[in-house]
Amino acid sequence: MINAYASRIWNVLKSFQLTIVLLALLMCLVLFCTLAQVEMGTQGAVNAYMRSFIVWNQPLLLRLPFPGGALVGLLLTINLIAKTIDIKLSWQKSGMWLVHAGLVVLFAGEFIAGMMQVDTNLTIEVGQTVNFVQSYKQMELAVIDVTDPTWDEVYSVPDTLLAKGGAVAIPGTPITLNVKKFYPNAELANLAPGAPPSLANAGVGAGVSIVEKPVVSADNEMNQTSAFVEPVAGGRSYGTWLVSVALGAPQSFTHEGRTYTLAMRLRRQYLPYAFTLKQFRHDVYPGTDIPKNFSSLVQVVNPSRNESREVLIYMNQPLRYEGKTFYQASFGKNDTLSVLSVVENPGWLLPYVSCVLVSIGLLVHFAIVLRRSLKRRQDKKEG
Amino acid sequence: MAFVQKYLAWGAGVLALLVALIVALPGGKARGFDVSGFGTLPILEGGRVKPLDSLARNSLLAIHSRQGFRHDGRMVGPDEWILDVLFRPQVADQQPIFVIDDPEVISLIGAKQTKNRNYFSFADLSSHLDEVQKQAASAQPISAQKRTRFQSAIVNLFDRVYLYYKLRNTLQLAGSPGLGWELQSLGTPEAALRHQDLTQLAHFRMLPPTTAANPDAWQSVGQALTAANAGGSVHPALVPLAKLNAAYVANDAASFNAALAEMNGVVTTLKPDALGHASNELIFNRAQPFFVGLSIYFVAFLALCISWIYKPEILRPTAYALLFSGAIVHTIGLAARIILQGRPPVTNLYSSAVFVGWGAVILGLIVERMYRKGFGTAVAAAAGFASLIVAQNLGTEGDTMEMMRAVLDSNFWLATHVVTITIGYAGTFLAGSIAIAYALKKHIAPKVDVETDKALADMAYGIICFALFFSFVGTVLGGIWADQSWGRFWGWDPKENGALLIVLWNAIILHARMAGYVRERGTMVMAIFGNIITALSWFGVNMLGVGLHSYGFMDKAFVALTTFCISQAVLMAICYAPARFWVDPSQRKA
């Protein structure tokens with residue numbers, strides 16, 4: 001009985017019907033994802049359609065739940081493996097076997113990318129030295145001990161933790177932050193006379209009114225994440241502060257002789273090495289504004305490796321360093337600011353492996369087919 | 001008899017090649033002026049050095065949507081037109097070259113829509129320029145996708161008028177006595193202001209760099225006059241240019257041609273390669289290989305269609321020979337572009353259309369060699385014709401050999417990824433075209449011909465395999481390029497998704513066929529749907545306007561694309577409908 005079910009499931013898993021249905025679903029998803037990018041931005045659409053198991057509220061097909069890219073990909077991989085196992089190991093099929101094995105590797109690569117790839121950027125001005133990369137969208141509240149003028153001690157609270165509210169103890173310091181209110185996106189304005197007072201009673205926030213806004217995800221938009229927090233240390237409150245990405249100047253308070261600044265900013269990841277931008281070039285074709293080349297000449301200084309060298313990062317020529325890939329993405333401030341996109345993907349080699357497997361597989365398959373047809377022709381002649 | 005037929009057929013092919021050659025030969029002098037010699041002069045515009053002729057053609061295409069026009073009972077070509085614009089604006093202003101289709105724009109400039117196409121001269125428009133500029137200025141901040149029909153049309157008209165305005169103020173300020181007078185009045189109080197205007201309005205730079213140290217430093221007339229006005233030496237090319245100007249205005253062809261020789265001498269001294277390169281490009285421009293090619297394909301297609309009802313033994317080989325000649329012209333054109341540009345064949349949407357057509361024709365020729373049913377010829381001629389028509393329409397947007405934006409500036413990847421994926425497109429289209437031929441034949445042909453049907457199905461199947469291979473390899477290569485330049489293999493960018501859709505669809509067809517879910521007709525219906533997928537990922541993506549890959553937006557093409565998709569859907573239905581659906585019941589009994 002169980003065997004019968006198992007064999008029926010196995011038959012479904014290895015069936016061509018499943019392959020075709022899944023490929024068709026994938027086509028629909030790719031189409032949805034492409035169209036959705038206009039509204040949601042590339043990253044938003046990819047997360048909603050490709051990196052989810054179920055798309056609950058897709059707008060294009062009656063808002064019915066639709067299997068997400070992760071689910072379709074997983075099933076397709078199972079189908080592919082089942083099929084690959086099921087193909088009888090014969091030399092006749094070896095080419096097809098290699099092709100499908102290569103596809104499994106390709107899917108695995110995309111799965112790893114989907115789960116583990118981290119996209120950040122490194123924004124650097126000419127002459128500046130930067131030792132961190134920052135997120136495109138995610139925020140953090142940085143509590144920075146600036147007492148020592150030569151060294152900043154940074155403690156940061158990610159936005160996801162702030163969103164939960166309540167008390168957040170800052171490890172390594174005597175401070176606990178009471179998160180009174182958190183806004184994933186908000187609009188700040190000067191407090192109009194006669195308006196209800198701000199929740200903040202310390203810093204610039206006391207004179208600012210705040211309105212919550214819906215979260216945005218398009219590529220060129222940024223959430224103005226804001227929060228009201230009350231630092232408490234040694235049983236003493238230091239007032240309620242408004243912290244926001246929209247506020248420029250840092251705000252600080254002093255506890256037991258140590259000065260701490262509070263800043264809401266894009267989430268940073270500090271690196272054990274630093275980049276100094278020595279030169280940025282933006283060449284155009286003569287007599288036009290058409291860009292011909294962008295390049296950043298950076299000095300990479302890595303004390304742990306006792307390394308200090310110059311690297312030129314330009315179009316189609318990224319720097320791969322310590323598991324991260326830095327590529328020239330954008331520029332600003334009259335060509336004195338360079339933006340390097342940073343990608344960290346532990347599975348970056350898999351597509352190359354897959355490519356080799358599939359290519360060899362196809363060549364083998366064509367060779368076999370060619371041989372077969374030549375033989376048939378020969379037989380015909382002789383027969 | 002067979003011998004005669006063969007030679008008759010190949011004779012037709014050779015005749016077509018001769019016609020192509022005649023088109024490429026230089027035309028006569030206009031009113032005694034060596035206008036094509038003037039068109040050969042190299043200029044710097046759009047970041048590259050090209051003959052003035054290329055600029056004239058592209059500008060006339062943009063303004064007039066054709067490369068020549070009829071005025072005062074004779075044809076005016078691009079080189080003669082640009083001469084008038086540059087040196088005799090009072091003449092050029094009277095030529096009705098601005099084509100305006102939008103009725104609201106026509107009424108805005110106080111005219112009535114008289115014919116299907118309405119042509120206006122700059123003089124007609126000049127009294128309404130302020131209004132055009134005002135309306136365009138209010139429409140320009142709106143993004144191209146969101147403009148109304150009127151707004152798009154007015155912005156388009158403004159751009160064309162502005163282009164014309166800049167052209168007539170590039171070598172001399174329109175209405176001034178000319179370049180010779182400018183050279184004489186150097187140092188006078190108003191001269192500096194005029195030179196400033198000339199510098200600002202200059203659309204191209206005609207004076208070759210004078211120092212070898214700075215090989216890209218071409219100068220506009222305004223820049224050179226400014227330098228001379230400030231006490232520098234007069235640029236050596238200014239003097240013959242002024243002579244050309246004076247001779248043309250004075251209608252003195254002999255002095256004009258003499259000044260042209262002098263100008264050529266100066267250019268050759270300053271920039272030895274430029275003149276030769278420009279004259280090669282001029283020959284390419286004049287030969288119009290893709291226009292000639294599409295004409296030959298059209299004749300080949302007609303010949304083949306006729307062959308099904310009349311004298312197949314002569315007309316079918318003739319059609320094949322014509323297709324072959326068309327392919328030769330097409331190939332030469334493609335090769336010339338590669339050499340002139342120093343780039344792989346596909347660099348922009350225009351060249352991808354040219355290349356897709358070429359791939360389809362070559363594949364069709366091979367298929368015809370293998371099956372000899374005439375269908376390969378028919379489908380290849382139709383596909384070549386259609387894709388070159390698409391290319392001709394894409395080519396009206398400006399210089400088709402434009403410079404590559406920084407991220408695309410990689411000959412290696414352009415040659416591998418872009419070419420492979422474009423061959424994939426070509427294959428998918430060819431399979432779809434064969435399927436259409438199959439569908440039409442099923443309903444039109446009087447008797448059931450199982451053998452031909454099977455041959456067509458085999459062709460389509462083989463080409464789908466071919467297309468899957470190339471589109472898959474091309475997509476993976478694209479991923480590798482993306483990984484090399486952006487650090488990620490796959491970003492679900494719209495263009496990548498489009499390529500993936502083609503791969504997936506071809507894979508579905510093959511799996512469905514292998515598992516036996518579809519047979520001959522089902523495969524063909526699916527192959528036609530492949531046309532829709534390919535067209536969407538080829539052009540639809542550029543209309544979305546998002547992502548790293550989109551470098552150009554097209555608005556008019558949207559209607560064309562929708563029409564194409566609907567027509568393919570109808571053809572799918574026709575293909576799926578049983579043949580007897582079309583047969584008259586009374587005949588069926590008999």
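Reader: Which residues of α17(B) and α19(B) meet?
Author: In this predicted model, the α17(B) side of the contact consists of Ala319(B), Tyr320(B), Leu323(B), Gly326(B) and His330(B). On the α19(B) side, they meet Thr377(B), Ala380(B), Ala381(B) and Gly384(B).

Reader: How many nonpolar, polar and charged residues does the contact of α17(B) with α19(B) have?
Author: Gly is counted among the polar residues here. On that basis the contact has no charged residues. The remaining classes are 4 polar and 5 nonpolar.

Reader: At what angle do helix α17 and helix α19 of chain B pack, and what is the hand of the crossing?
Author: Helix α17 covers residues 312–341 of chain B, and helix α19 covers residues 375–394. Their axes are 10 Å apart and the angle is about 35°. The crossing of α17(B) and α19(B) is left-handed.

Reader: How far apart are the C-alpha centres of domain 1 and domain 2 of chain B?
Author: Domain 1 of chain B runs over 96–168 and domain 2 over 174–271, with domain 3 at 419–579. Between the C-alpha centres of domain 1 and domain 2 of chain B the separation is 32 Å.

Reader: What is the radius of gyration of chain A, against that of a compact globule?
Author: The C-alpha trace of chain A spans about 100 × 60 × 45 Å along its principal axes. For 383 residues, a compact globule would come near 21 Å, but chain A has 28 Å.

Reader: What percentage of the residues in chain A is buried?
Author: Chain A contains 6 helices and 19 strands. A residue counts as buried when 20 or more other C-beta atoms lie within 10 Å of its own. Of the 383 residues in chain A, the buried ones make up 30%.

Notes. Residues are numbered from 1 along each chain as its sequence is written. Chains are lettered from A and ligands numbered from 1 in the order in which they are written. This is a predicted model: local features need pLDDT of at least 70, side-chain atom pairs count only at pLDDT 80 or more; totals for chains, interfaces and linings use all residues. Axes are lines fitted to C-alpha atoms, for helices over the stretch in contact, and angles run from 0 to 180 degrees between N-to-C directions. Helices (H or I, at least four residues) and strands (E, at least two) are DSSP runs, numbered from the N terminus. A crossing is left-handed if the near helix is turned anticlockwise from the far one by less than a right angle, and right-handed if clockwise. Two residues are in contact if their C-beta atoms, placed from the backbone, lie within 7 Å. The radius of gyration is taken over C-alpha atoms; the globule rule is 2.2 Å times the number of residues to the power 0.38. A residue is buried if 20 or more other C-beta atoms lie within 10 Å of its own, exposed if 12 or fewer, and partly exposed in between; C-beta atoms are placed from the backbone. Domain bounds come from an automatic or database domain assignment.
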